[in-house]
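I opened a new notebook page for this chain.

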Amino acid sequence: MAKELVDKKNVSFECVDFFNFSHKEKFDLIFDRGCFGVSGPVSNRKKFATKISKLLKNDGVWVSLIGSSENVNDIAGPPQWKIIDIVKAVDKHLQIKEIKQCSLKSRNNVISPGWIVICSKRIVW
């Protein structure tokens with residue numbers, strides 16, 4: 001569906017095993033809806049952030065929708081994260097530009113709290 005909504009000259013979509021994915025060219029934008037939150041144990045999330053950093057252009061951006069643990073009362077939905085845990089997982093390789101609250105809607109129309117996380121590649125001089 002997403003492919004039908006965009007100008008095919010400027011956008012490409014990839015469906016791959018993320019941890020084994022390699023690509024010659026770097027990306028301007030990587031959008032992630034839920035992959036970070038379900039990538040396994042905390043050590044995998046740090047590997048995830050490292051991989052995102054390697055795939056981004058120096059001025060590239062990663063936008064991720066992540067389940068939130070704020071004000072949650074046993075809501076079914078995506079894995080739930082505290083902001084501090086997101087920061088600990090990504091901070092070495094990605095610079096957080098913005099985190100804001102949002103609502104995430106599942107395929108079953110279940111609404112759960114979430115985070116919109118916007119990061120850039122951390123450049124070490």
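I took buried to mean under 20% relative accessible area, exposed over 50% and partly exposed in between, with a 1.4 Å probe and protein chains only. On that basis, 32% of the 125 residues in the protein chain are buried.

I noted that this is a predicted model, where local features need pLDDT of at least 70, side-chain atom pairs count only at pLDDT 80 or more, and totals for chains, interfaces and linings use all residues. Residues are numbered from 1 along each chain as its sequence is written, and side-chain values use heavy atoms, with hydrogens and water left out.

**Layout.** I listed three helices and four strands; helices (H or I, at least four residues) and strands (E, at least two) are DSSP runs, numbered from the N terminus. Their order from the N terminus is α-β-α-β-α-β-β.

**Helix pair.** I looked up helix 2 (residues 42-55) and helix 3 (residues 83-90), whose axes come within 8 Å and cross at roughly 60°. Axes are lines fitted to C-alpha atoms, for helices over the stretch in contact, and angles run from 0 to 180 degrees between N-to-C directions. Arg45, Lys46 and Ala49 of helix 2 make the contact (heavy atoms within 4.5 Å) with Lys88, Ala89 and Val90 of helix 3.

**Lysine 51.** I found this residue in helix 2. Lysine 51 is buried but has no salt bridge, which is a side-chain nitrogen of Lys or Arg within 4 Å of a carboxyl oxygen of Asp or Glu. Which side chain of opposite charge is nearest? I found aspartate 17, 8.3 Å away; Lys and Arg count as positive and Asp and Glu as negative, while His and the chain ends are not counted. Leaving aside neighbours within four places in sequence, lysine 51 is in contact with Phe18, Phe19, Asn20 and Phe21.
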